[in-house]
Amino acid sequence: MGMGMGMATDGRLGQIGPQSSELIPAKQLPAPRLGNVIVGGPGKADFKIFRFSMIVPGLRYLLLLLLTHDDAVDLKTTTPDIPAEIIQHVKKSFHKSTDEAHFHQENDTQCLTYLPLQEPGDSRRPATKGILKTAPPFTAYHDPAELDQITTLSNGVRVATEALPGHFSGIGVYIDAGSRYENEYLRGCSHIMDRLAFKSTENKTGDEMLEAIESLGGNIQCASSRESLMYQSATFNSAVPTTVALLAETIRNPKITDEEVEQQLQTAAYEIGEIWSKPELILPELVHLAAFKDNTLGNPLLCPQERLSEIDRNTIQAYRETFYRPERMVVAFAGVQHDVAVKLAEQHFGDMPKSAPLLSQTGAETSLESESSESSSESASFSTPASPPQKPSTLVSRIPFFKNLSTSASKNASVQHTPYFNPLELHQPSHYTGGFLALPPLPPPISPMMPALTHIHLAFEALPISSPDIYALATLQTLLGGGGSFSAGGPGKGMYSRLYTNVLNQHGWVESCMAFNHSYTDSGLFGISSSCSPSRAIHMLDVMCRELQNLTLETGFSSLSITEVNRAKNQLRSQLLMNLESRMVELEDLGRQVQVHGRKVGVREMCKKIEELTVKDLRRVAKQVVGGLIQNKGSGSGSPTVVLQEGQEEGTVLRRLDWDDIQERIARWKLGRR
């Protein structure tokens, strides 16, 4: 390559000459590291090393586009900040070299090498001695999903692999469990279970287990969510068998002593107190509680305080017997060859007894094709009776530290008041109710330098993760964007998103405003969260409604434009590709997708679906979501969900907002159903 683009040490766009091999230290730039890419042409002098984390965002994005798109992509439109001649030069060199592309090791860093065309008989190949036998050769035009393989063991355990090479491998065990499946007896156990991981087992004491984990030198963890319990580790390739053995031991043979359970209950009590003291942490949890009142996704992710005294060793064992079954497990490997992974999984999980057919598979294993066909039939069979007069939520009335909460579903929202389902009936669809939940006012800040704030969350039922429109919804979230008023912004940081340009940059009384999107196997939540001056709370609600309504407009200055939609699509693709460079993210993505879809949706497939989105697609999905028109399996009410915690200013008494006033204002903006 005759001339390359680089970043000068003072942050300016500079030039790298034909013979230069100078690299800028990675710590000078904040961009995520994506490895070394060597781009070559017909001669040795054309070799140049581009560190993705050391290139200006425009050129980095150009290289990402070349990796994920075909020749039909208009690079001049998608990367307008890069001169046309540079685009043509990079593209030409890129395509000349892809036939000889493969991985090798350089400076102890995984690299993607594009070799120049070789003379006949030339047997030059980069050294590969440092690579563990974990993956086959891989070329630039291959989608990582092409390396994915899934095998189901005789007892129902699914083994999934994505054999991308690297110094580290990822191993994870994903269990279809979580707070949405808990009944009254098991309430809060998911929160405690992840804290009981890697304690004493039948073969190791707690200290021995801790010592074995620390000797691996990697990253090992356990986390619970609403729909999954995840045991994950990133470790050296040579330690993969040891790591699988440790994961299997803590999952299958934990001792779970009374002392360990009591210790983790005390830890959970402290953690609950800390989270409840921070509105930015607890309010998203309460949004779920109000949106899915007394069912499934509305079950608390945090263990309720009154349950801490009721959970014991027997409760934990009952939880394990219900969910720790082979047909509910996915064992995922990232960077390990499939045959090796299957042998390890068979060795450590293959002798788990197959469960009785009473425990039916959940919607998590429904494929994209069967999801749509099952949705209509299940929606028809899941009827919701007329709602009796609204009663306080049984969960809300026991929320720790707060006894004077008020909650109410919308006037016509139907709430199914049925006994808690049997633990084996795990196919119950989540039923969106919508509603309002108000927390007691926050006292004035102790420090006069800290502003008093009112926190508002506005949400609507959204799409499940298996919906083909999930990409449009994710693009809408990126387009809205947002953040804090003192966010360290800049190019590529979302400073041109709607919530920055229309809200944070226009109203000095707004402390934060951002869009959120939570997707689950059969439902979801989409909306905006904000913090503002207490005297501006009702105005803040109007601003949030205005921004959501603008997504649905057909014409006008505030309607969606091609430019901002393309920008949001580019940002979403870039975030997707950069996040998947993390071994732990790649691993979780593989394991959870096999749980949800029964297969891995490839990066190229996702990028293609994002690229195909149009302004009409985004407008159509926005109308469905904020208009309360989503039709999921649970036949939701379509009503809005609002969670509010007002702040108090010193020497000021403000009128409290009530649900009727809030509903009236939301209805004026033609959002949701009443």
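# Reading a predicted model, feature by feature

Guide: Let's start at Arg-226, which sits in the loop between S10 and S11. Keep in mind that this is a predicted model.

Visitor: Okay, is Arg-226 buried or exposed?

Guide: The cut-off for buried is under 20% relative accessible area. Arg-226 has 7% relative accessibility, so it counts as buried.

Visitor: And what is Arg-226 in contact with, leaving aside its neighbours within four places in sequence?

Guide: Among its partners are Ala-177, Gly-178, Ser-179 and Arg-180, along with Glu-285, His-288 and Tyr-520. Leu-297 is another of them, and its backbone oxygen lies 3.1 Å from a polar atom of the Arg-226 side chain.

Visitor: S10 and S11 must belong to something. What is the order of the strands in the open sheet?

Guide: The general idea first: strands of a sheet pair through backbone hydrogen bonds, either parallel or antiparallel. In this case six strands form an open sheet with mixed pairing, and the order reads S7-S8-S12-S9-S11-S10. At the edges are S7 (148-152) and S10 (219-224), each pairing on one side only. From one strand to the next, the twist averages 15°.

Visitor: Can we zoom in? In which sense do S9 and S12 pair?

Guide: They're antiparallel: S9 (residues 168-175) and S12 (residues 329-334) pair over six bridges. To pick out one spot, Gly-170 has Ala-334 in S12 as its bridge partner.

Visitor: Which strands does helix H6 lie across?

Guide: H6 (residues 240-252) lies across S9, S10, S11 (229-236) and S12. Against S11, H6 runs at about 160°.

Visitor: Now a helix elsewhere. Which residues of H17 are buried?

Guide: For helices, remember that an α-helix has 3.6 residues a turn, so residues three or four places apart point the same way. In H17 (residues 603-611), the buried ones are Val-603, Met-606, Cys-607 and Ile-610. Looking down the axis of H17, you find these buried residues within an arc of 95°, so they line one face of the helix.

Visitor: What do the buried residues of H17 pack against?

Guide: Three helices: H12 (470-480), H15 (562-579) and H16 (583-597).

Visitor: How about a residue in H14, say Gln-549: is it buried or exposed?

Guide: Gln-549, in H14 (residues 537-550), counts as buried because its relative accessibility is 18%, against a cut-off of under 20%. Beyond its neighbours within four places in sequence, it touches Trp-669 and Leu-671.

Visitor: And Gln-631, buried or exposed?

Guide: Gln-631 is exposed, as its relative accessible area is 55% and the cut-off for exposed is over 50%. You'll find Gln-631 in the loop between H18 (615-626) and S19 (641-647). Its C-alpha atom is 9.2 Å from that of Ser-523, 108 residues away along the chain.

Visitor: Let's step back. How many helices and strands does the chain have?

Guide: There are 19 helices and 19 strands. Of the 674 residues in the chain, 57% are buried. Among contacts with a separation of 6 or more, 77% join residues 24 or more positions apart.

Conventions. Residues are numbered from 1 along each chain as its sequence is written. This is a predicted model: local features need pLDDT of at least 70, side-chain atom pairs count only at pLDDT 80 or more; totals for chains, interfaces and linings use all residues. Side-chain values use heavy atoms; hydrogens and water are left out. Two strands pair if DSSP finds at least two bridges between them. Helices (H or I, at least four residues) and strands (E, at least two) are DSSP runs, numbered from the N terminus. Axes are lines fitted to C-alpha atoms, for helices over the stretch in contact, and angles run from 0 to 180 degrees between N-to-C directions. Contact means heavy atoms within 4.5 Å. Buried means under 20% relative accessible area, exposed over 50%, partly exposed in between (1.4 Å probe, protein chains only). The arc is that of the directions from the helix axis to the C-beta atoms. A polar contact is a pair of N or O atoms within 3.5 Å; within protein, one must be able to donate a hydrogen and the other to accept it, and residues adjacent in sequence count only if both atoms are side-chain atoms.
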